[in-house]
Amino acid sequence: MRENLPTIVPGSIDDVGRPPVMTQALPEWFYPGPEGGWTAEDLDRLPPEAPRRIELIHGALVVMSPQSLFHMRVLNRLNASLEAQAPPSFFIAREMTIRLGRRSRPEPDLTVVDATAAQNPELTAFQPADVRLVVEVVSPESEDRDRNVKPALYAKSGIANFWRIEKDMGNAVVYVYELDPATQAYVATGVHRGTMKLDVPFPLVLDVAALIR
């Protein structure tokens, strides 16, 4: 008899990375789940009736909530700005998972990868060694995941750059982090509300205020 299987939930994860247990009935495809619990490979084998956007965090399946207008608008404008400025050696991807070991396959809102890693049209997940930047746009239900759980996973996997975008008084704010390889943790390098100029992952200029227009 299998016990303590990860549970599919919409939204939050607790402070140790575990989702709360649902009291409602689980779908037939989910329970009792695969032998030994969910793995990164299982995301490619979910049935057609499974929710479209699911990520795997510490062996737990997490269903992502529908996007708000703020979230969609920021992603649309950020994606367009990065694509316009990125050299040909980089590829900008939206809502693609990254395989961070056997039990974690998170889905950032936006990812910058080496263009050579984005040649296969059947690809469903990137490898961390190919990722140069991950971006999370924070929603109320994803605050803990985007501020704590997922950045820790990205950092331990060696991803060099992480941005977190939040809404503050109706405006967008970009929190920029770089990896300290000695500690495998991110170090904050800036908080941006106006024009943002960076040299990594490539030279770029971003009008942060314009992200919500």
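Buried, in these notes, means under 20% relative accessible area, with exposed over 50% and partly exposed in between (1.4 Å probe, protein chains only). By that cut-off, 49% of the chain's 213 residues are buried.

Ground rules first. I'm working with a predicted model, where local features need pLDDT of at least 70, side-chain atom pairs count only at pLDDT 80 or more, and totals for chains, interfaces and linings use all residues. Residues are numbered from 1 along each chain as its sequence is written, and side-chain values use heavy atoms, with hydrogens and water left out.

I counted two helices and 13 strands, taken as DSSP runs (H or I, at least four residues; E, at least two) numbered from the N terminus.

Six strands run in the order β4-β6-β8-β9-β10-β11, with mixed pairing; a pair needs at least two DSSP bridges. β4 (90–94) and β11 (185–192) are at the edges with a single partner strand each, so one side of each has no neighbour in the sheet. Neighbouring strands here are turned by 20° against each other on average, direction ignored (axes are lines fitted to C-alpha atoms, for helices over the stretch in contact; angles run from 0 to 180 degrees between N-to-C directions).

I zoomed in on β4: its pairing with β6 (residues 110–114) is antiparallel, over five bridges. Phenylalanine 91 has valine 113 in β6 as its bridge partner.

Last, α2 (residues 143–156) packs on this sheet, touching β8 (131–137), β9 (161–168), β10 (171–180) and β11, where contact is heavy atoms within 4.5 Å. The direction of α2 makes about 170° with that of β9.
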